[in-house]
2 protein chains.
Amino acid sequence: MASRGPSLPRITDVAALAGVSTSTASKALNDTGQLRPETRERVRRAAEQLGFTPDSRGRALSSGRSFTVGLITTDSSGRFSIPIMLGAEDALSAGEMALVLCDTRDDPLRESHYLKSLVSRRVDGIIVTGRRTEPRPPIDVPIPVVYAFSASTNPEDTSVMVDDHGGASSTVQHLLALGRRRIAHISGPSTHRSALTRAAATVETAGDALVGEPLHGEWSERWGRHAVDVLLRTAPDVDAISCGSDQIARGVCDRLRELGRAVPEDIAVTGYDNWSVMALASRPPLTTVDLELEQLGRRTAHLLLDAISGTPAPGVHSLPTRLIPRESTLGT
Amino acid sequence: MASRGPSLPRITDVAALAGVSTSTASKALNDTGQLRPETRERVRRAAEQLGFTPDSRGRALSSGRSFTVGLITTDSSGRFSIPIMLGAEDALSAGEMALVLCDTRDDPLRESHYLKSLVSRRVDGIIVTGRRTEPRPPIDVPIPVVYAFSASTNPEDTSVMVDDHGGASSTVQHLLALGRRRIAHISGPSTHRSALTRAAATVETAGDALVGEPLHGEWSERWGRHAVDVLLRTAPDVDAISCGSDQIARGVCDRLRELGRAVPEDIAVTGYDNWSVMALASRPPLTTVDLELEQLGRRTAHLLLDAISGTPAPGVHSLPTRLIPRESTLGT
């Protein structure tokens, strides 16, 4: 480890070693101007020998761009925003854009502080992600913004969302295709948009095969276990349970096993999220819905890059989910 | 959303609105030069009215610093590096430093590409985090670097590590204090440094209270369940099991319950990591060790800031863990 001053070679060092003027060295390294090929080559070798790296901030200042994007997340636990962030980072780095991370911890003061700081750093654009699918108020900055996972309430903004309706519908279609005809739904709080969307899609897709009303509770294994007891009292002949999350589905499987009901032979179970630590550790492993969040992050980054280069695509972009069939519906 | 050109006000716009020269406007906003108070005030009001934000890149170029730090992570799943990253981001943002995220996905080519890009952006320093506690080769850049979670193999570098020996020791001390005298250890692969360190600390601290050799397997609930069967065949009278991870401990608790052994009345169980989704969902909730990774991230950031300002603190800094007692040892 060294302090920067003495060790980062400058263009003047390269010029001195090559025996040329600074402006000649600069032309040689930037492939501009009229130079003899051997001069150009001598400068290049000197730069290589010294480990000279051009200062990309010059390019940034002269192009009026910083080649930097800010990511505002409210979700410090990161279950949803981390894969989105990694997908965005992957897509941006391919274009030599850097991603600056800003974790607001759900604090509006921190958010406004970060926005000021990002604008003063002249980032080229901003990605805003959230923990819930409820729409959020837009941020007020004079640069391109794309919202991921939580849409902006302004329909003229660009937002990228998971198609939750399609995702929940796909699990019910899968259960129907397997011949299940008495399908119940257990999900998270009815105050959460994601739980309501998934419940509505289940009711709509199941039609006559739906058993009772959707049961809403907390997003937890404990609620899954408890909900099984509630459900079996009123509908002992249920043959499938579609759940609003993998955590709930794991609790459902555990309780069914304790009660001696075989999954999937007696009752098939589906989860939602494809959260591997839940879906794979469940006994049996869960058929579930992958939200394709890294893909969502990549799409968000591409839409932001489009907006930065002057071709924004306003509106809500809804991305498809993917059904992952496993033992909890297919058996072994 | 707008493209930047027309909408970001410039200092010349502020000067025009205030009816002063650009250099006067600049002096007024930077609180320098000799100006009448009413001129300064008029410029400030003009800046506010236009929503003018000073360009912090000027400050960066003139100070020779970018007020930006790079974070290199090899851990895309993020269980360990995400909290470290968030802690570092929190500490850096307090000092108006931005954190640029670089996810190498364990690919040396990506890592070297990112390092070049960070150096050409003139970041002030770099944080390197990993997924495992094995030491890693140092990176070769002419700016300050601090390694977090995975130490550098060069002892003259600055590394910040979890005190795994102390953490594992604290669970055994806790079990001994509760009167347990036949303690077994179930952990992850013997090819992982973290599993070996925790096993060694357990053996050392338990002394005569240790039952059998530490059992090594995969980091999974499934291994935890299986290891219980292996253990109880040879040591049916064990009264405590210290586990190398919360996942293993959760599997241990599930299997003990299935076999009718009460936790903690018959057998006390401890986990490791305080991974809430495992530790709290376990039946019963797990006594475990919190690695204090956000704190580790903050400490890393502070050590990097020290190095950037010319006072590096080389060597391995080992940070204490925290024992979290819950029902799996204390009962209800």
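Because the model is predicted, local features need pLDDT of at least 70 and side-chain atom pairs count only at pLDDT 80 or more, while totals for chains, interfaces and linings use all residues. Residues are numbered from 1 along each chain as its sequence is written, chains are lettered from A in the order in which they are written, and side-chain values use heavy atoms, with hydrogens and water left out.

In chain B, 68 residues are in contact with 68 residues of chain A, where contact means heavy atoms within 4.5 Å. The size of an interface is often given as the accessible area lost when the parts come together. Here the two chains bury about 5600 Å² between them, 49% of it on carbon and sulfur atoms; buried area is the accessible area (1.4 Å probe) that two parts lose on being put together, summed over both. Ten salt bridges are counted between chain B and chain A, and the count over all chains is 42. A salt bridge is a side-chain nitrogen of Lys or Arg within 4 Å of a carboxyl oxygen of Asp or Glu.

Two helix pairs span the interface. Helices (H or I, at least four residues) and strands (E, at least two) are DSSP runs, numbered from the N terminus. Axes are lines fitted to C-alpha atoms, for helices over the stretch in contact, and angles run from 0 to 180 degrees between N-to-C directions. Helix α11 (residues 246-258) of chain A packs against helix α11 (residues 246-258) of chain B at about 20 degrees, with the axes 13 Å apart. The two are therefore roughly parallel (angles under 35 degrees count as roughly parallel, over 145 as roughly antiparallel, 65 to 115 as roughly perpendicular and the rest as oblique). R250(A), D254(A), R257(A) and E258(A) meet R250(B), D254(B), R257(B) and E258(B).

R110(A), H113(A) and Y114(A) touch E89(B), D90(B) and S93(B), giving one nonpolar, two polar and three charged residues. D90(B) and R110(A) are joined by a salt bridge (3.0 Å, N to O).

Within chain A, the axes of helix α2 (residues 11-18) and helix α4 (residues 37-50) come within 9 Å and cross at roughly 125 degrees, so the pair is oblique. The α2–α4 contact in chain A has seven nonpolar, one polar and two charged residues.

Finally, the backbone holds some details to look for. Most residues other than glycine have a negative phi, and most peptide bonds are trans. Yet V263(A) and P264(A) are joined by a cis peptide bond, with omega about 5 degrees, and P264(A) lies in the loop between α11 and β9 (268-270). The bond from V263(B) to P264(B) is cis too, with omega near 5 degrees. F67(A) has a positive phi, near 50 degrees, in the loop between α5 (56-63) and β1 (68-73) of chain A.

Methods. Nonpolar A, V, L, I, M, F, W, Y, C, P; charged D, E, K, R; others polar.
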